[in-house]
Amino acid sequence: MEWYKVSGVILAAALLAMLSGKVADVLIQPTELASAAIEVAEAPAAEAAAPAKKSAVDISGALTLMASADMGKGVKIAKKCAACHSFEKGGKNKVGPNLWEIVDRAKGSHEGFSYSKVLAGFGGDWDWEALNGFLANPKGYMKGTKMVYAGLKKDTDRAAILVYLRSLSDSPVALPN
Ligand code: HEC
């Protein structure tokens, strides 16, 4: 059964090599054949990943995941933010503004922090959608922001940090529904 599969892969690889007119080379160089086989074997995985990449624009999953998100993980992720942000009530602004009661706070409104023009003028509150979008890709969400952070690409990571940010309040905002 295993050999049947393996020979199938090799056959497909040989076919691929033939199509690209390299069959002679391949016959002499088994390493090339092996790498062709790997390519063939990996092709379905790459195809499967493609739609996920397209739907990466849809990041709303993180909000759904918040109900079951892991606070411990959020605390861990927040350590990366802590290089630039303080979290405690009355904490001082660092490279970035203090994030106590950030959820539903008006964007760019923390006293004493000198925001970029784009954030200061962006408008609206840091509701769940805004935080989710910004933290997924700060510069994508807000071109020109001076927050130099690549963003949290995984829904589960954003769900965890959002749950943590929610906890930074005397009366935490309701979870998204
Ligand atoms: C390298 C420094 C740096 C890191 C790391 C960083 N930030 Fe920031 N952050 C900033 C700066 C600077 C701003 C202000 C951006 C501006 O004015 O355009 C900001 C702004 C913000 C704002 C908007 C605050 C407001 O008052 O409007 C939020 C929310 C935020 N950061 C969350 C986070 C979270 C959560 C993390 C970790 C996942 C993080 N940041 C990591 C530097 C950083």
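Reader: Where is Leu-175 found?
Author: This is a predicted model, where local features need pLDDT of at least 70, side-chain atom pairs count only at pLDDT 80 or more, and totals for chains, interfaces and linings use all residues. Residues are numbered from 1 along each chain as its sequence is written, and side-chain values use heavy atoms, with hydrogens and water left out. Helices are DSSP runs (H or I, at least four residues), numbered from the N terminus. Leu-175 is found in the segment after α9.

Reader: Which residues does Leu-175 touch, not counting those up to four places away in sequence?
Author: Contact means heavy atoms within 4.5 Å. With residues up to four places away in sequence not counted, Leu-175 touches Met-66, Ala-67, Trp-128 and Arg-166.

Reader: Is Met-147 buried or exposed?
Author: Buried means under 20% relative accessible area, exposed over 50%, partly exposed in between (1.4 Å probe, protein chains only). Met-147 has 19% relative accessibility, so Met-147 counts as buried.

Reader: Which protein atoms are donors of the iron atom of the ligand?
Author: Donors are N, O and S atoms within 2.8 Å of the metal (3.2 Å for Na, K and Ca); water is not among the atoms, so sites may look incomplete. The protein donors lie 1.9 to 2.2 Å from the iron: His-85 (NE2) and Met-147 (SD).

Reader: How many residues apart is this pair?
Author: His-85 sits in the loop between α5 (71-81) and α6 (117-120). Met-147 sits in the loop between α8 (138-141) and α9 (155-166). The pair links distant parts of the chain, 62 residues apart.

Methods:
Helices (H or I, at least four residues) and strands (E, at least two) are DSSP runs, numbered from the N terminus.
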